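Work through the exercises below with the model open. Try each task before reading its solution.

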Amino acid sequence: LKYQRMLERLEKENKELRKLVLQRDDKGIHQRKLKKSLIDMYSEVLDILSDYDASYNTQDHLPRVVVVGDQSAGKTSVLEMIAQARIFPRGSGEMMTRSPVKVTLSEGPHHVALFKDSSREFDLTKEEDLAALRNEIEIRMRNSVKEGCTVSTETISLSVKGPGLQRMVLVDLPGVISTVTSGMAPDTKETIFSISKAYMQNPNAIILCIQDGSVDAERSIVTDLVSQMDPQGKRTIFVLTKVDLAEKNVASPNRIQQIIEGKLFPMKALGYFAVVTGKGNSSESIESIKEYEEEFFQNSKLLKTCMLKAHQVTTKNLSLAVSDCFWKMVRESVEQQADAFKATRFNLETEWKNNYPRLRELDRNELFEKAKNEILDEVISLTQVTPKHWEEILQKTLWERVSTHVIENIYLPAAQTMNSGTFNTTVDIKLKQWTDKQLPNKAVEVAWETLQEEFSRFMTEQKGKEHDDIFDKLKQAVKEESIKRHKWNERAEDSLRVIQHNALEDRSISDKQQWDAAIHFMEETLQSRLKDTESVIEDMVGPDWKKRWLYWIGRTKEQNIRNETKNELEKLIKCNEEHAAYLANDEVTTVRKNLEARGITVDPCLIKDTWHQIYRRYFLKTALNHCNLCRRGFYYYQRHFVDSELECNDIVLFWRIQRMLAITANTLRQQLTNTEVRRLEKNVKEVLEDFAEDNEKKVKLLTGKRVQLAEDLSK
């Protein structure tokens with residue numbers, strides 16, 4: 001007794017001194033950075049691991065103290081005594097614990113509690129804060145219970161700090177019931193059993209089995225459940241509550257001794273404890289309960305007759321034993337789990353080295369940042385494109401797009417006229433109509449497509465050994481989204497229309513070099529059209545005698561008819577070299593009758609269709625010959641073709657078209673380099689920022705074994 005009193009006095013002094021030290025550190029007197037509490041770190045590890053792998057649940061293999069017992073056996077009261085605060089909602093006989101509550105106990109200067117997802121601190125020395133905390137826990141429990149259910153599997157995480165608290169993680173589970181009463185869901189009993197089993201089957205969980213000492217041992221349900229989950233009792237601590245009532249009501253005190261010695265129940269345990277958690281009054285303070293408990297055991301016959309040993313009684317001894325057991329289990333299991341993680345990481349690193357020996361381990365976010373920098377570099381490359389390259393590609397593409405309209409709708413109709421005055425008038429009218437309605441829009445379309453093609457070229461071209469195909473999908477998505485968001489300046493067409501009008505109205509060719517360039521441009525264009533026409537005619541009439549002989553192929557019946565028709569129509573042109581572009585009806589009839597005389601029946605539409613291609617070929621050849629004659633026509637052009645039979649108005653037309661193309665290309669190039677490239681670059685940056693915030697998009701666009709392996713290593 002003397003040594004016991006000395007020990008209690010020293011413990012009390014130690015507690016006060018520790019409290020003072022913690023308070024000074026809390027106020028920053030020593031100006032040193034406090035390390036996070038080990039138990040807080042461990043609790044955070046449990047929370048992080050619970051989010052790490054939902055399927056495997058690594059966190060379920062790390063220790064925590066699982067508090068199980070029959071309903072109203074006093075589980076919550078034992079937990080409150082260990083936490084040294086009345087923190088849980090209470091009721092008379094009804095079910096109060098409706099979901100698992102994880103309580104992390106740690107030492108601190110002030111007795112406070114806070115939830116994992118909240119910054120509010122509840123002062124456990126104030127009754128109003130205690131009431132608010134109990135109310136908050138009750139609200140969270142009710143909110144976690146789904147409609148049509150009585151209990152929930154969702155865990156409420158609570159942290160309690162205070163001077164002298166034993167550091168550990170406890171989980172309070174709903175009490176095990178034997179019967180489902182009215183108002184409960186039909187599956188309540190099975191749900192509670194499954195929750196309890198899920199927590200207890202963790203091989204590293206310490207089971208704190210709470211048994212009500214005031215009821216007959218034969219009515220216990222939880223002991224059978226615990227013996228199933230831990231048959232050897234290597235991680236079970238048995239706690240007999242309400243021993244004061246048991247001593248009064250039980251006829252034979254030996255029965256309590258049998259329970260504490262583990263002889264009455266079939267289950268086994270590491271240790272057996274007897275506690276008293278109050279007189280059943282919900283308004284009792286923790287201090288008054290502790291005093292009552294100490295007083296009871298000092299006067300109890302159970303201790304005096306040595307039925308119970310001193311280290312087996314009081315919640316204080318219980319919490320010390322549980323804490324000791326908990327940290328022993330933590331040390332063993334954390335080392336074991338750490339070894340497992342090291343082995344997994346070693347395997348992943350080995351796989352990486354074997355598959356990607358020269359590549360750095362970059363997870364999805366790091367890869368995205370690398371790709372982002374590459375893309376921005378490629379966009380900047382657009383500004384490095386030379387003006388000459390832009391203008392060449394714009395001029396070439398624009399002419400490819402408008403050449404058919406110029407030849408078919410402007411040049412050919414004007415060339416059918418009989419004199420130069422009518423030719424020039426027709427050309428001017430048609431050029432004006434074309435510039436007003438179609439040309440500016442077509443030019444902007446070409447510029448936009450050229451910008452897209454150049455942008456795509458920089459984004460997709462492979463850069464030799466440095467090219468990383470893992471970024472291809474992302475680059476493609478960024479390119480498509482940026483182009484989708486880009487809109488060309490709406491006022492560009494109006495300014496372009498004025499420039500094109502002025503360019504096409506100018507007819508003054510200043511030197512022989514420009515004249516020769518226009519002739520060359522016209523010859524190239526007409527030769528290209530002549531080649532196309534020759535190809536169409538060949539398809540119509542079939543292979544000539546040389547191809548038939550060399551390749552052993554013949555003509556179809558329709559091709560023979562077309563060939564005979566072609567021969568008849570060529571006779572017409574030979575007879576009249578100044579023939580109009582269209583056949584007269586009597587000429588069609590003459591050709592048809594000539595063919596019928598030879599036994600060939602021909603439709604008038606086929607004759608006209610064939611004539612169109614034959615005349616077109618004849619006209620293009622004539623125009624090319626005229627083009628050749630005009631090589632020496634610059635002198636006559638300067639004299640406005642006065643006293644000359646040579647007229648080269650078609651050369652002037654092609655010069656006007658060529659000059660318009662050059663000026664348009666120059667204007668579009670300025671719009672591109674001064675405005676549109678910068679706007680596109682801005683769009684790319686915005687798209688990349690949006691993608692950076694969209695994890696689903698990154699997962700979709702950055703895929704493959706390499707990415708997954710790096711992600712696993714990062715985890």
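**Exercise 1.** Explain why Arg142 and Glu138 are separated by about one helical turn.

*Solution.* Start with the element: helix 4 covers residues 127-144. Helices are DSSP runs of H or I with at least four residues, strands are runs of E with at least two, and both are numbered from the N terminus. Arg142 and Glu138 are four residues apart in helix 4, so about one helical turn separates them. Next, check the side chains: they meet in a salt bridge, 3.3 Å from N to O. The term requires a side-chain nitrogen of Lys or Arg within 4 Å of a carboxyl oxygen of Asp or Glu. The structure holds 38 salt bridges.

This is a predicted model: local features need pLDDT of at least 70, side-chain atom pairs count only at pLDDT 80 or more, and totals for chains, interfaces and linings use all residues. Residues are numbered from 1 along each chain as its sequence is written, and side-chain values use heavy atoms, leaving out hydrogens and water.

**Exercise 2.** Classify the ring pair of Phe238 and Tyr272.

*Solution.* Rings of Phe, Tyr and Trp (its six-membered ring) pair if their centres lie within 6.5 Å; planes under 30 degrees apart are stacked, over 60 edge-to-face, and the rest tilted. Here the centres are 5.8 Å apart and the planes stand at 50 degrees, so the pair is tilted. Now place the residues: Phe238 is in strand 8 (236-241) and Tyr272 in strand 9 (271-274). The pair links distant parts of the chain, 34 residues apart. The structure holds twelve aromatic pairs.

**Exercise 3.** Locate the charged surface patches.

*Solution.* Patch residues have over 30% relative accessible area and no salt bridge, with like charges joined within 9 Å. Areas use the Shrake-Rupley method with a 1.4 Å probe. Take the negative patch: Glu8, Glu287, Glu291, Glu294 and Glu295 form it. Helix 9 (286-299) gives the most, four residues. Then the positive patch: Lys473, Lys484, Lys487, Lys697 and Lys700 gather there. Helix 16 (472-485) and helix 25 (695-701) each give two or more residues. Lys487 sits in the loop between helix 16 and helix 17 (492-505).

Technical notes
Patches are made of residues with over 30% relative accessible area and no salt bridge: like charges are joined within 9 Å, nonpolar side chains (Val, Leu, Ile, Met, Phe, Trp, Tyr) within 5 Å. Lys and Arg count as positive and Asp and Glu as negative; His and the chain ends are not counted. The place of a charge is taken as NZ of Lys, CZ of Arg, CG of Asp or CD of Glu.
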